[in-house]
Amino acid sequence: MEYHYDSGSSSSHSNHYLQQTGSTSLTSQRSLLSVPSLNNTHHHHHHHNYHLITTLKNHHYTSSLTLFGKFLLTGSSDREITTWNRTTSDEEQQNSENNVVIAGKGAVKSLVIQSNTNTLFSAHQDHKIRVWKLTNDQKKYTHLATLPTLGDRASKILIPKNHVQIRRHKKCTWVHHVDTVSSLALSKDGNLLYSVSWDRTIKIWRTKDFTCLESITNAHDDAINAIVVSYDGVVYSGSADKRIKIWKNHQGGDDDDDDYKKQKQKHSLFDTLEKHNSGINALVLSSDESILYSGACDRSILVWEKEVNDDGRMVLMGALRGHKSSILCLAVVWDLVCSGSADKTIRIWRGVGREYFCLSVLEGHQGSIKCLTAVVENCDTSESEDASFLVYSGSLDCDIKVWQIFVPAE
């Protein structure tokens with residue numbers, strides 16, 4: 001994915017060339033010396049516990065990816081959403097006609113699947129969110145909507161209070177994003193879609209009819225790069241302003257009600273986490289959601305833990321160090337944390353208690369790692385076999401690599 005780095009400006013458009021080229025000059029910020037390291041210095045990573053299964057070649061670099069059953073869906077820097085069959089051989093994959101749909105302008109920044117309805121949501125550099133219906137065999141994408149929908153825009157446009165100033169001489173309705181939509185997340189019941197943008201807003205959409213229910217204006221002081229939502233509806237946003245903000249939904253009741261007429265904003269700021277010293281690019285929750293991991297341009301992954309009996313506030317446990325450049329993406333699978341960096345490597349971390357060790361450093365990409373996802377392949381270690389996982393990585397080198405990771409049985 002492209003990212004806005006902290007530049008002291010809410011637009012940061014001068015950084016676009018550096019983001020495209022993956023320059024490491026942006027990542028020379030000093031690391032977080034005041035934050036204790038969680039790395040277990042007695043445990044060195046092993047290069048023999050992974051291998052590269054295959055490399056998928058793309059015409060443009062991959063800016064987002066997600067898994068859907070036996071398929072890998074990738075979003076490119078040039079408008080394309082491509083479907084890859086994960087179960088076909090390397091030779092079959094390269095010779096097969098992958099399903100490609102082209103939409104919007106610029107990069108496809110984020111992809112999320114509502115699996116029970118086969119619905120795909122895609123976030124785009126052209127300020128739009130698009131909604132697609134997928135067939136089970138992935139042979140066909142049907143375009144359902146572009147957000148904000150025409151109906152949503154029409155219902156807001158006639159009422160002056162629905163207009164917000166976006167530039168000195170330009171206004172638009174609050175349902176519009178006015179800059180790149182950088183990340184998407186679904187509530188766990190699938191009823192709400194959350195979007196964040198370089199326009200510094202968080203928007204909440206109802207997936208049933210694609211209505212924009214709420215917009216949190218100036219949620220951050222700079223571009224927002226990442227959002228995750230927990231099972232209990234707590235929202236975490238990460239920004240180029242160096243902050244992570246935690247939002248809670250204080251309105252009970254059914255989202256189908258017209259309660260937004262009664263209460264303009266349902267989500268309110270619960271807490272702000274300020275320990276990174278440069279822009280935040282990635283957030284991910286642990287499998288049990290007790291830990292939040294954040295990756296930033298300061299080369300560190302910070303590990304935040306929920307305080308017991310304190311209304312769920314997060315406290316900083318420490319940092320994972322090892323990358324030589326900005327952390328651009330994070331993924332969690334089982335008890336592993338995967339991090340992708342502008343240093344062209346992927347690190348696989350495993351936590352034991354409050355100590356972490358780097359299980360593997362995956363080398364092979366020739367460009368910055370822009371996006372990651374991971375899935376369990378085999379976690380049955382009852383026969384004393386190693387657990388295995390698949391990691392999918394997209395890079396500025398235009399390659400998508402598929403890695404197999406082995407975790408020794410305890």
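How many of the six residues of strand β8 are buried? Five of them are, so described for residues 129-134, and the strand is mostly covered. The structure is a predicted model. Its protein has 410 residues, of which 57% count as buried, and its secondary structure comprises four helices and 30 strands.

**Confidence and overall make-up**

- The mean pLDDT of the protein is 85, and 78% of the residues reach 70 or more.
- Residues 1-30 form a stretch where pLDDT stays under 50; the model has 88 contacts beyond four places in sequence for this stretch.
- A further stretch with pLDDT under 50 covers residues 259-263, for which the model has nine contacts beyond four places in sequence.
- Where pLDDT is low, the predicted coordinates should not be read in detail.
- Among contacts between residues at least 6 apart in sequence, 52% join residues at least 24 apart.

- Strand β7, residues 119-124, runs antiparallel to β8, and five bridges join the two.
- Within this pair, L120 stands opposite W132 in β8.
- β7 and β8 make a hairpin that has four residues between the strands. In this hairpin, H127 takes a positive phi near 80°.
- β8 also pairs with strand β9, residues 141-147, in the antiparallel sense over six bridges.
- On the β9 side, the bridge partner of L134 is Y141.

- Strand β22, residues 301-306, is mostly covered, with five of its six residues buried.
- Strand β21, residues 291-296, pairs with β22 in the antiparallel sense over five bridges.
- In this pairing, I291 stands opposite E305 in β22.
- A hairpin is formed by β21 and β22, with four residues between them; R299 in the turn has a positive phi of about 75°.
- Six bridges join β22 to strand β23, residues 314-320, and these two strands run antiparallel.
- K306 stands opposite M314 in β23.

**The open sheet β2-β3-β4-β5**

- Four strands form an open sheet in the order β2-β3-β4-β5, with antiparallel pairing.
- β2 (62-68) and β5 (99-102) stand at the edges and each has a single partner strand, so one side of each is left without a neighbour in the sheet.
- Neighbouring strands of this sheet are turned by 20° against each other on average, direction ignored.
- Inside the order, strand β3 (residues 71-76) is joined by five bridges to strand β4 (residues 80-85), and the two run antiparallel.
- L72 has W84 in β4 as its bridge partner.

**The open sheet β24-β25-β26-β27**

- Another open sheet is formed by four strands in the order β24-β25-β26-β27, and the pairing is antiparallel.
- Its edge strands are β24 (327-333) and β27 (355-362), each of which pairs on one side only.
- Seven bridges join strand β26, residues 346-352, to β27, and the two run antiparallel.
- One of the facing pairs is I346, which stands opposite L362 in β27.

**Cysteines**

- The structure holds zero disulfides.
- A disulfide is a covalent bond between the sulfur atoms of two cysteines.
- For C371, the closest cysteine sulfur is that of C329, at 6.4 Å, which is too far for a bond.
- C371 counts as buried, at 2% relative accessibility.
- C212 is also buried, with a relative accessible area of 3%.

- T55 is found in strand β1, residues 50-57.
- Is T55 buried or exposed? T55 counts as buried because its relative accessibility is 17%, and the cut-off for buried is under 20%.
- The side chain of T55 makes a polar contact with the side chain of K401, at 3.0 Å.

How values were computed
Residues numbered from 1 in each chain as written. Heavy atoms only, no water. pLDDT = per-residue confidence, 0-100. Contact = heavy atoms within 4.5 Å. Buried < 20%, exposed > 50% of the residue type's maximum accessible area, 1.4 Å probe, protein only. Pairing = 2+ DSSP bridges. Axes fitted to C-alpha atoms, helices over the stretch in contact; angles between N-to-C directions. Disulfide = S-S within 2.5 Å. Polar contact = N/O pair within 3.5 Å; in protein donor to acceptor, adjacent residues only side chain to side chain.
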